[in-house]
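Q: Hi! Could you walk me through this structure in plain words?

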Amino acid sequence: MELISCHLFGCFGYLCGDMISIEDMIATGQSDAHLVAKCLAGNRDVFGEIVERYQSLICSLAYSATGSLGRSEDLAQETFMTAWQQLPALREPAKLRPWLCGIARCLIGKALRNAAREPVDAAVFLEETEGAEPPPSERVISQEEQAILWRSIERIPAIYREPL
C-alpha cells in the first residue's frame, strides 16, 4: 500500500474544494457499496479508489484534532490500513464514509490519549519554568542595562524624573 499524501500542505485542500462531494461520487457510477463489494471479491486495486475518494476527509479530521500535518497523515494511513483489515466486518457497505470516519475518530482519540502520557509532550521548556534564575551572562547584561537606564534617568530634571 502506498503512503497517503494529505493534500493539506499549502492551501489546505479540504478548504479549497479538494474533497469529493456525494454528487461527484454518484456521477462516477461507483457507489461505496459497489467498491466495497469489489474489494471483498479480491480486487485490491479498488481499495486505492476508496483511499483516493476519502483521504482528504480523513486527513482533515485528523488535522483538525491534532494540528499537525505529519501526524494527520500518519493517522490517515493508520485509518486506511485498519479499514483494509476490517473491511469484511463492515455490515453496511453503503455506509463506508461514516465507518471510515468512526475508525479515524477512534484512532485519533487513542493517539491523543497516548500523546498525553508521553513525558516529552507533557514536559515544560526550561524557558517556561517559573522562578528559574537566568544564566550568569544574562544577569551581567541585565545589570549593565539597568545601570545605563539609571544614569539616563539621573540626567533628566527632577520634576520630570518623579513621574518615572
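**Overall layout**

A: Starting at the N terminus, the elements of the chain follow the order α-α-α-α-α-α-α-α. This is a predicted model, where local features need pLDDT of at least 70 and side-chain atom pairs count only at pLDDT 80 or more, while totals for chains, interfaces and linings use all residues. Residues are numbered from 1 along each chain as its sequence is written, and side-chain values use heavy atoms, with hydrogens and water left out.

Q: How many helices and strands does the chain have?

A: There are eight helices and zero strands in the chain. Helices (H or I, at least four residues) and strands (E, at least two) are DSSP runs, numbered from the N terminus.

Q: And what share of the residues is buried?

A: Of the 164 residues, 26% count as buried. Buried means under 20% relative accessible area, exposed means over 50%, and partly exposed is in between (1.4 Å probe, protein chains only).

Q: What about contacts between residues at least 6 apart in sequence?

A: Among those contacts, 64% join residues at least 24 apart. Contact here means heavy atoms within 4.5 Å.

Q: Okay, new topic: how many aromatic pairs are there?

A: Rings of Phe, Tyr and Trp (its six-membered ring) pair if their centres lie within 6.5 Å; planes under 30 degrees apart count as stacked, over 60 as edge-to-face and the rest as tilted. By this rule there is one aromatic pair. Phe 47 and Trp 84 have ring centres 5.1 Å apart and planes at 65 degrees, so the pair is edge-to-face.

Q: Where do those two sit in the chain?

A: Phe 47 belongs to helix α3 (residues 45–66) and Trp 84 to helix α4 (residues 69–86). They are 37 residues apart, and the pair links distant parts of the chain.

Q: Is Phe 47 buried or exposed? And what does Trp 84 count as?

A: Phe 47 has 4% relative accessibility, so Phe 47 counts as buried. Trp 84, at 27%, counts as partly exposed.

Q: Back to α3 and α4: at roughly what angle do their axes cross?

A: They cross at roughly 135 degrees, and the axes come within 8 Å. Axes are lines fitted to C-alpha atoms, for helices over the stretch in contact, and angles run from 0 to 180 degrees between N-to-C directions. That makes α3 oblique to α4. For that word, angles under 35 degrees count as roughly parallel, over 145 as roughly antiparallel, 65 to 115 as roughly perpendicular and the rest as oblique.

Q: Which residues meet there?

A: On the α3 side they include Phe 47, Ile 50 and Tyr 54, and on the α4 side Leu 75, Phe 80 and Trp 84 are among them. By class, this contact of α3 with α4 has 14 nonpolar, four polar and one charged residues. Ala, Val, Leu, Ile, Met, Phe, Trp, Tyr, Cys and Pro count as nonpolar, Asp, Glu, Lys and Arg as charged, and the others, Gly among them, as polar.

Q: How do α4 and α5 cross?

A: The axes of α4 and helix α5 (residues 96–117) cross at roughly 125 degrees and come within 9 Å. α4 and α5 are therefore oblique to each other. Among the residues making the contact are Leu 75, Thr 82 and Ala 83 of α4, together with Trp 99, Ile 103 and Leu 107 of α5. The contact of α4 with α5 divides into 10 nonpolar, three polar and two charged residues.

Q: You mentioned Thr 82. What does Thr 82 touch?

A: Leaving out residues up to four places away in sequence, Thr 82 touches Ile 103 and Leu 107. Thr 82 and Ile 103 are 21 residues apart in sequence, with 7.6 Å between their C-alpha atoms. Thr 82 has 24% relative accessibility, so Thr 82 counts as partly exposed.

Q: Last one: where is Arg 105?

A: Arg 105 is in helix α5. At 51% relative accessibility, Arg 105 counts as exposed. Its C-alpha atom is 9.5 Å from that of Leu 75, which is 30 residues away along the chain.
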